[in-house]
Amino acid sequence: MGRFKNKVVIVTGGCRGIGKAIVSRLANEGAYVYALDYVLPKENEVFIEDESIKALIKCIQVDVTSESSVNKAIEEVLNDKKRIDILVNNAGITRDNLVLRLNEADWDAVLNTNLKGAFLCSRAVARTMMGQRSGRIINIGSIVGSIGNAGQANYSASKAGLIGLTKSLAKEFASRNILVNCVAPGFVLTEMTDKLTDEQKSSFLGNIPLKRGASPSEIASVVAFLASEDSNYITGQVIHVDGGLAM
Ligand code: NDP
């Protein structure tokens, strides 16, 4: 019997990368998990081998930048399960460029997905969590939201914005026992970082005291902690999971 048995969880961007690891981890511990994603796996096929865990996971199409799409997806979860215990705002994109070459469309796309998306999803679950007098919202930020990064002004600004959103929601929702925290990874081995050049990768890795990138499951285990009863007295915090990169 897992820690999250009968809990209802929503993970945005849940069909690959870090999101997929979070979905697997929480379903492995007994939760019903809704993986909301822009592109769903082929023929809606759930991407986890184990049949008993697969039965706990459902994929729903969403565009987190669109209010109507987000509200429709959350409505579908509520029609199914009537409650929402945990929301993980994980969907995120990069459109890297130096500021002088960064165009408006790439600024807007990153801010709309990474920051506005988290706001829309949090707002869409808030009434339900308030009524339940319990809930967890976990935002997936990035260490660059705290330390900045040349070539990632849009991405860093979106992740810094997520810190402000996390703390504001934590203050606004605390009286209803809804805890809101942010997990800020450093360098994680996913398709997002696969796009970097070898030079960028080795520069990142060279600066990490632990001398390696994280696996997605190492991010998922911190999310599981913040989603669990073990963190009942933690809210409004940003936890860096970065091998010591941002000290
Ligand atoms: P991936 O690119 O592997 O996955 C991102 C996911 O977000 C995809 O499933 C993608 O969907 C989904 N997504 C993008 N846009 C939308 C949208 N408009 N609506 C719904 N879903 C969308 O990234 P990672 O797993 O690496 O990153 C996950 C999170 O972790 C992001 O927030 C990222 O910023 C953060 N992060 C990652 C780090 C890393 O080193 N990888 C470091 C620090 C933070 P689809 O595939 O359908 O397009």
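**View 1. K81 over the face of Y32.** In this predicted model, K81 lies over the face of Y32 at 4.2 Å from the ring centre, where a charge counts as sitting over a ring if NZ of Lys or CZ of Arg is within 6 Å of the ring centre and within 35 degrees of the ring normal. Residues are numbered from 1 along each chain as its sequence is written, and side-chain values use heavy atoms, with hydrogens and water left out. As the model is predicted, local features need pLDDT of at least 70 and side-chain atom pairs count only at pLDDT 80 or more, whereas totals for chains, interfaces and linings use all residues.

**View 2. The aromatic pair of F187 and F204.** The count comes to 1 aromatic pair, under a rule by which rings of Phe, Tyr and Trp (its six-membered ring) pair if their centres lie within 6.5 Å, with planes under 30 degrees apart called stacked, over 60 edge-to-face and the rest tilted. F187 and F204 form this tilted pair, 5.4 Å centre to centre and with 45° between the planes. Because F187 lies in the loop between strand 6 (178-185) and helix 7 (191-194), and F204 in helix 8 (residues 198-206), the pair ties together parts that are 17 residues apart in sequence; helices (H or I, at least four residues) and strands (E, at least two) are DSSP runs, numbered from the N terminus. F187 is buried at 6% relative accessible area, while F204, at 21%, is partly exposed (buried is under 20%, exposed over 50%, partly exposed in between, with a 1.4 Å probe and protein chains only).

**View 3. The largest cavity.** The largest cavity has a volume of about 80 Å³, a cavity being a set of points on a 1 Å grid over the protein atoms alone where a 1.4 Å probe fits but cannot get out, and lining residues having an atom within 4 Å of a point. The volume is the space filled by probe spheres set on the points, which are joined across faces, edges and corners. The cavity is lined by 13 residues, of which N89, N90, A91, T113 and N114 lie nearest its centre. Helix 4 (104-132) and helix 6 (153-173) each supply at least two lining residues, and the largest share, 5 residues, comes from helix 4.

**View 4. The second largest pocket.** About 260 Å³ of space lies in the second largest pocket, a pocket being an open set with protein on both sides within 12 Å along at least five of seven lines. Of the 15 residues that line this pocket, K7, S134, R136, E229 and N232 are the closest to its centre.
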